[in-house]
Amino acid sequence: MSMTNLIHMMTVLAALGVASELVADPSPANAARDITPHAELGTFELEHNPDRPVLAYYGGIGLQRDENGAWTDYGIDSTDAIDYLIERCSANGMKRICANIMFQWTPSELMGPIPNTPVPENAESLYGYAIEQAHKNNIEVYIDIPVFGRRTRDEAFATANPDIYAKSSRGEVREEFFSPAHPKVREYRIAILLEALSLYPADGIMLDFIRWPNYELDLLHSHCNWGYEDVMLDRFRAEYNLPNDFIPEPDDPRFLQARADCVTEFIQEFRDAMTDRGIDLPIGVYNSNIYGREAGMRHVCQDWVGWERLGLVDQHHPMFYMDSPARLTRALQTLIEVKRPGSTVFGAVFLDGPGPFTEDTVLDASRRMVKIGADGIWFCREMEIESLDLWPVVKRVSELSISEIRAADFDPYYENLAINGGFDQGLTAWDIQPDGRAKVSQGLSVENQNTLDITLAKDFPTTVSQVIKHHASPVIALRSLGFSCEYRLNGFYADEPAKVVLDLRYSDGSEESHSITVPTDTTTSSGWQTLDKAVPVAYSGVRCLESSTVRVLCPAGEGVIGLDNLLVTPDPLHNPINPATKDQSE
């Protein structure tokens, strides 16, 4: 770090009341001055129809090809790349850019340059140019920063302060993650944000990595295993008057809350720093953990309830995956139900994760999230929108009517892992053995929909089955499955009952089976009845559910079995908005 950079760093940090020990050489600390906010900060007013969802993306200020021909937003070095992205956003209804300032060429006396890339001649003006062009096209720009995530531009600060990293209970040091408990870290990040607000007429701030490190493999049950550096332990022991050698367990509720308080304090300190300088801008956060509010608190110590109670956060961008619509909406509901009036929850189209990502899945997820209360949709990231050719569906999402969706009659939490479980597409996706023993009839079910009618053979059994593939990653592995159907017996006679069976196959090759027996009616016909069962799924870091097979086993006999609404549902025993009882989940 040059002496000029040291002097300026101390100048900015001194304006925050930061001790001179932040950097290696404290001697320039006398050159203190305050930071003057940009004259046009927060003056842009977005024109937007309140019946349309606000669309935002996380990423950079432009799009350009890298040396391999792939789209990238890292280190944008031309106004052409900015113009290209702004045009894409403007034409397709994107109203907010959350631009990571650590990945762009921005002038800073606190952060270093982007390593191993040449500095473009117009580097100092590119971020400002992006904001100018965005405003001309009716688009907001939020300055985005990874609060506790170390980036390459942090090299000088990290080198001068080797004790600032998070540490696990196992003694691991996470050098890509700063400790939220360390005052030096919080003061340094606030200084960078205030410096940015003195340079650019931003419309808001997005706080990324506003959490403790992630993740253990088990996102559903495990507890944050970080926070065992001295600064956090000393703080915790002092708060609870504990012995100097006391080491808390990761799941100690006091320790979870103490670590969460460090994260909350950063948001409060930053808001106070803005208020002291007359800055009034919305603060947004990225909510972590795909299972919702309680899991987010356990796993990365984010206190969503506390943030809302204290009025600290105005915009929530939850980082929920799209591979399961039911899990996505359930998790989002846990955030929406604690938001205060005036704060905004965005639904997540997280393209940097497990898919599938098609126009249909993006539109379906967006409608579901708007239905339960999301007033905006955020996309991660614009690179994936471009490479997956999803701009057309971005435009369709921007044109959705919030009022019409919320008035529509559909279940936003519905998910059937079985394809064509209502038999609306005939026998598609179902295997019938022997062939020809089943057909689809129209208008005969309890809801006048299609039914699958299985005619029993006198001399041999009949099987209807479907194999369902699952994500075998331990991060998103299923923990329970429900299977259910509506059925009707007509003239049924057999020596043994019919069964609905769910066979489970795990990634380690092991298998297990669960079944429901279809009750036998002694009369020649009966009305529609329901079968329903939920079963736990075994889980470990090396044993995850790989596939399941749903089978309807019809014995040899006489008569017809009618089936409708055959459902295989994800995680019914692990639903945060309708939790199972202890006995059920066991």
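Strand E16 (residues 462-469) and strand E21 (residues 545-554) are paired in the antiparallel sense over 8 bridges, where strands count as paired if DSSP finds at least two bridges between them. Val 464 has Val 552 in E21 as its bridge partner. The model is a predicted one, in which local features need pLDDT of at least 70 and side-chain atom pairs count only at pLDDT 80 or more, while totals for chains, interfaces and linings use all residues. Residues are numbered from 1 along each chain as its sequence is written, and side-chain values use heavy atoms, with hydrogens and water left out.

The pair E16 and E21 belongs to an open sheet of 5 strands in the order E13-E16-E21-E18-E19, with antiparallel pairing. Strand E13 (431-433) and strand E19 (511-517) are at the edges; each has a single partner strand, so one side of each lacks a neighbour in the sheet. From one strand to the next the twist averages 20°; axes are lines fitted to C-alpha atoms, for helices over the stretch in contact, and angles run from 0 to 180 degrees between N-to-C directions. Strands of a sheet pair through backbone hydrogen bonds, either parallel or antiparallel.

Another open sheet is formed by 5 strands in the order E14-E15-E22-E17-E20, and its pairing is antiparallel. Its edges are strand E14 (438-441) and strand E20 (529-536), each with a single partner strand, so that one side of each is left without a neighbour in the sheet. Neighbouring strands of this sheet are turned by 30° against each other on average, direction ignored. Within the sheet, strand E15 (residues 451-455) pairs with strand E22 (residues 557-570) in the antiparallel sense over 4 bridges. The bridge partner of Thr 455 in E22 is Val 560.

The protein contains 15 helices and 22 strands; helices (H or I, at least four residues) and strands (E, at least two) are DSSP runs, numbered from the N terminus. In helix H6 (residues 230-240), the buried residues are Met 232, Leu 233, Phe 236 and Arg 237. Viewed down the axis of H6, these residues fall within an arc of 125°, so they line one face of the helix. The arc is that of the directions from the helix axis to the C-beta atoms. Asp 230 and Ala 238, on the other side of H6, are exposed. Buried means under 20% relative accessible area, exposed over 50%, and partly exposed in between (1.4 Å probe, protein chains only). Helix H7 (253-276) is included in what covers the buried residues of H6. Asn 241 follows H6 and has a positive phi, near 55°.

In helix H13 (residues 391-398), the buried residues are Trp 391, Val 393, Val 394, Val 397 and Ser 398. They cover an arc of only 160° around the axis, which puts them on the same side of H13. Their cover includes strand E1 (54-59), helix H2 (79-91), helix H11 (359-371), strand E12 (376-380) and helix H12 (382-387).

Across the 586 residues of the protein, 56% count as buried. Among contacts (heavy atoms within 4.5 Å) between residues at least 6 apart in sequence, 76% join residues at least 24 apart. The C-alpha atoms fill a box of roughly 95 × 60 × 45 Å, taken along the principal axes.
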